[in-house]
Amino acid sequence: MTTNELTYKILKNSDDVEVGIAVSNGTTIPLDPANSDYQLFLDDINEHGASIVEDEISESIVTAAAEKKFAIQLSAYQKAVARLTQYLVSVGRPEIKAMVPNGRKVLNVETGEMQDVLVETITQTAIDPLPATVQIWQGFPESVQVTVANPAIVLDETQRAAAQAIIDATPQEVKDAA
Amino acid sequence: MTVTISKPAVNLREELSALKKPTGIKGEELLRANTVADVYTSLNSTMFRNRLINGDFRIWQRGVTTTPGSGFSVDMFRCEPRNSTTIYTDRSTDVPAGQGFTYSMRTYATGATDDGFHIRTYVELPASGVYGEFQPGTQWTVSFWMKSAYASRTINVNLGLSETSVGGSHQSQGVASMQGTQFVTNQWQKYVFNFTLPSWVADNGSLSNVRCLYVRLLQGSDDLPQDTYLTGIQLEKGAVATPFEVRPIGTELDLCQRYFQKLANQGVGFQPEGNNGQNGRQIWAFPVTMRAAPSASNISVTYRTQATVYTASSVSCTTTADGLSEFFATASTNPGYTYPICLLYSTLYLSAEL
């Protein structure tokens, strides 16, 4: 079922209990979170607002839609944050060394306790920055060599900008839950 | 005293020959079983090993004629149009020779500017966010028969977890096959794709909300008409593609009806209550309990009392996973509460698809 331009009406029985949703395309949706059309109904509310439902929406439906929106925003935020923690390909990254236990233990004669043997280990390998520009051939049939911005850097910057935009648009309560 | 004992003659050649009985692969496996558990494991691997339902396309509850659109046409399979491509799906009797299949699914979009389509099916997970047997590190094999009316078309398969079989707000990253893209010829050919499932990572939303493993047959490409035939699709555990598992058709129909049922020529009566007798509670158990409470659509109903036939301008009926529960109509005139209402459903579609 497509959700384009659909409107909804809440069905209540003679006991005034909500029992389903009548859709303008003739479908009846149950109030069952496991039903895929019900999930699309919640998506529609989140996208278009409560005005797509003829009647006042009950608190349980409002809550279900809000929880779904929250879960989607939280996931997108976490993904965006993870993207920004990656190194800038135009800058590269340095090598990092640290003293790491190698699995062996020796007796510390001063304290009388066994302690880890530490060895210097590379915990992050170095990656050189990419060149800011690259040369490519352009034109057909007469080709000329031109210098352009490195496409890998352009892609990196585009993705980082998109991630930053998601972070900026994320409500604070979602950020706090991350 | 002398005692004479006579023993029957033993033909050593025959005895040795008996030891070389042609037990076959499965017989050898059973003979090698050390425990009862080994025997059960060996036998169970032959039953319901195909996790996909309707893989040989015998069940078409929605009808076998062309159905444009992106929804389900044949049971358990749906098309995923690329861009605005209009797709048609037909039941075909063009099948690979000698394999025992009766039908294939023909899917086509033959306009020169069509951008093609992909085909999807799914396996329901035990519960939302619970991967069941699709654990990281497990090996799976997808196999099927396919041919294309056009030359130079390709096929690849990927798997993933999702809220629904197409789209949905919660999805994992897809898992690529080990084989990668393969060419589809204009002759029937069996294709095999192997997978080792990774640690699942959310691509959108949350993995706690995924409810199915989707199988996605990637075919579409920009400005390329497509016309493909598919049958005998199987998803099984392990790295080996075994012959297609044929299940009894009644079993296959029951499996399909967990997700979709088309009911026809069914009747139900109820005492009217509410909205001047236009509403009521109808108790009607479905032949198969569905995955979840289904959506009801394509409702065509005759609505009458013992004295009067009414025209219903709109009909809604609510459901549970087990059956219909309540009925809402807008009738041409109000039936009132005097007489019981009789509903005769000429068609009713119930969908609990993922």
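**View 1. Is B:Cys212 buried or exposed?** At 0% relative accessibility, B:Cys212 counts as buried; that word is used under 20% relative accessible area, with exposed for over 50% and partly exposed in between (1.4 Å probe, protein chains only). Keep in mind that this is a predicted model, where local features need pLDDT of at least 70, side-chain atom pairs count only at pLDDT 80 or more, and totals for chains, interfaces and linings use all residues. Residues are numbered from 1 along each chain as its sequence is written, chains are lettered from A and ligands numbered from 1 in the order in which they are written, and side-chain values use heavy atoms, with hydrogens and water left out.

View 2. A disulfide is a covalent bond between the sulfur atoms of two cysteines; here a pair counts if the sulfur atoms are within 2.5 Å. For B:Cys212, the closest cysteine sulfur belongs to B:Cys256 and is 16 Å away, so that is too far for a bond. B:Cys79 has its closest cysteine sulfur in B:Cys256 too, at 16 Å, again too far for a bond. B:Cys79 is buried, with 3% relative accessibility. Over all chains, the tally of disulfides is 0.

**View 3. Chain B comes in three pieces: domain 1 (12-44), domain 2 (78-247) and domain 3 (260-351).** Those bounds come from an automatic or database domain assignment. Taken over C-alpha atoms, the centres of domain 1 and domain 3 of chain B lie 58 Å apart. Chain B has 4 helices and 21 strands, counted as DSSP runs (helices H or I, at least four residues; strands E, at least two) and numbered from the N terminus. Its radius of gyration is 27 Å, well over the 20 Å that the globule rule gives for 354 residues, so chain B is more spread out than a compact globule. Both numbers rest on C-alpha atoms and a rule of 2.2 Å times the number of residues to the power 0.38.

**View 4. Now for chain A, with its 4 helices and 7 strands.** The radius of gyration of chain A is 28 Å, well over the 16 Å that the globule rule gives for 178 residues, so this chain is also more spread out than a compact globule. Its C-alpha trace spans about 80 × 75 × 25 Å along the principal axes. Of the 178 residues in chain A, 29% are buried.
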